[in-house]
Amino acid sequence: RLAAGLPERWVRTTCPYCGTGCEMEVGVKGGRITEARPVFASPVSRGHLCVKGRYGWGFSDAPDRITEPLIRRNGVWEPATWDEALAAAASALQQARRAGGPSAVGVLASSRSTNEENYLTQKFARLALGTNNVDCCARVCHAPSAAGLGQTFGTGAATNSYADIERAGLLMVVGANPTENHPIVGARIRQRARAGVPLIVIDPRRTELADLATIHLAPRPGTNLPLLQAMASLILGEGLTDPAFLAARTEGLEAYAASLREWTPERVGALCGIEPEAIRRAARLYATTGPAMIFHGLGVTEQRQGTDGVAALAHLALLTGNVGIPGAGVNPLRGQNNVQGSAQMGCEPSRLTGYQKLAQSREIHAQVWGAELPEEPGLNALEMIDAAGEGRLKALLVIGYDPLLSHPGARETAENLNGLEALIVVDLFLTETAKAFGTVFLPAASPFEKEGTYMNGERRVQRVRQVVPPKGGSRTDMAILAALAERLGAGQPFRHPDAAAVWDEARQVWPAIAGISHGRLDQEGGLQWPCPAEDHPGTPVLHAGGFPGGRAAFRPLGWTPSLEVTNGEFPFLLNTGRSLFHFNAATMTGRTRNRELRADDELELHPDDAAELGLSAGDPVHVQSRHGAFTLRTRPTDRVRRGEPFATFHAVAAYVNLATGPGRDTVTGTPEYKVTAVNLRATGDA
Ligand code: SF4
């Protein structure tokens, strides 16, 4: 800091990493970002930033950032002008459409991009390309949250606010490790637990919050649903429900209750590897200590029954009347800064802006856009990659997304991507996908180089402000999409003067954000939707006055076990996740000083397992599944149970997704990243 000198100016914006949505001030000197500091007046972060927000801004000026367009010719990336690159991209998209119709093209949107950019991305897919083949990375993380909460409550977003952490009488954290993945939320939960608020943690690993928990239940990977069903069964059986709430505000209880009878604590305890008495204590504590607030993460969603797992949590909240009141509800901890926003803006193959069903909101979109939209639902992100392998999808536009690194089964993903005739990448760096299969590269502006908004995990829309201009020749997604649309003969609907105008158009098609303008956000700070009018204060607690469908809906939830089963050949169940210092594919944090804090991924392994395999701390361990293999350094720790290793997946060198399998959530198709049967062996390398 001394070497850089004090910033000449500070710009208030929102952290580009996780869905907590901390506000930050970014310091600039000599036209370059030199530091970041927290904002004390932020209602979300209240003067704090974690190690990612505080120190993770350097990627913007990383030496390998690509700031001029590239075209791959004869297998080699060559510099190109914007005119040449846009012409090549547009021509490839047109050619694919001519050869296979609109369904032969697809778009993967970025949950790092702003709401405005995501709104334009799905509009581009639908109007300029004529396809509903558009999806975002919510597919590989929290699509089951939207589906499970949507089916039950009628709205697929967090019911409450982070401020309710301080209002809750009990906190229950399920399949989430906010201390590392949403550190500012994690710190607030930790403070409440230390102050004596009861905390239930459900997680196979003994996380830092589990150490503070009143009760920690550690189910075997893949057994969330039976555990939550047993808790519900016990709450019903012991009469710990809220009968008035159930009678007035729910439907379908009878069939749901009947489906629970088989889930006794004894049966479930044996299945999950948990003492039946611990399940009883947890169920009683949750039901009798209100208001009770649930947070859940990818440990719930990235399962073969992700959607049903989320619905099971929603059912627990309904049974006990913990919906529609402060300090309660079911709250997904959204991963990426704007994953809530990208899905809400309509980057979804069967939903439009506002997560409104395609069939129900096509008309209003067509009115505002002045053009018809395709009728048939499109392919989701994983289906698009499958279709590429089958020759049905010929061209793909990928914005701020690295499917080769982040999708499960990397070998199969590569084979499928190889089937594309054109892959146009919009990004800051040559991602693994771009390096291997890209045909045109369009350099994008970083999160510090554009205007717009993000939507955090509590439905709060917050401003993103330009700190510095786009580096070199890079452009905002908004400018890139507008230019591409012009070349495809669909320019007019993309001629917005600025990001505020794009947002204003989104407000016309989604009434829940009609009252939120950029001007209002600048004056008042972030606002939570629904906010239907300019004089509406926003909605910190959903469903206080009722559910969108009138009543919340219980439904029987059967159990579909994971396809990943252990045997003599594959005796371990691998779990995967993130570390405090890095974010997802580490495209950003891997190019910052956070690399000094944690350079490589590691495999957490119980010390007894490590000893049996002859592994010590730092030794390389070969991890082999039925689908592929990778090698990581060993980190012996009793935070994982015997037989249940845990791998972080950030570094390209590790390529953990070579080993993850084809299992997908039966409703949304979200990959089952959390359960893979593997074999481990010491490699013998130094
Ligand atoms: Fe950024 Fe999330 Fe850390 Fe806040 S908690 S500083 S939003 S990464």
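**Exercises on a ligand shell and a domain contact**

Sorted by class, the shell around the ligand holds eight nonpolar, five polar and one charged residues, where Ala, Val, Leu, Ile, Met, Phe, Trp, Tyr, Cys and Pro count as nonpolar, Asp, Glu, Lys and Arg as charged, and the others, Gly among them, as polar. The model is predicted, with local features needing pLDDT of at least 70 and side-chain atom pairs counting only at pLDDT 80 or more, while totals for chains, interfaces and linings use all residues. Residues are numbered from 1 along each chain as its sequence is written.

**Exercise 1.** State how many residues surround the ligand, and which are the closest.

*Solution.* Begin with the count, which is 14 residues, the closest being Cys15, Cys18, Cys22, Cys50 and Gly53; a residue is near a molecule if its C-beta atom, placed from the backbone, lies within 6 Å of it. Next, look for elements giving two or more residues to this shell, and you find α1 (51-55) and α6 (183-194); helices are DSSP runs (H or I, at least four residues), numbered from the N terminus. Finally, at least three residues come from each of domain 1 (9-61) and domain 3 (143-332), with bounds from an automatic or database domain assignment.

**Exercise 2.** Describe how domain 2 and domain 4 meet.

*Solution.* First locate domain 2 (70-140 + 345-528) and domain 4 (572-682), whose C-alpha centres lie 30 Å apart. Then count the contacts (C-beta atoms, placed from the backbone, within 7 Å): 16 residues of domain 2 touch 18 residues of domain 4. On the domain 2 side, α17 (381-389), α18 (403-406) and α19 (410-417) each give two or more residues.

Technical notes
Contact = placed C-beta atoms within 7 Å.
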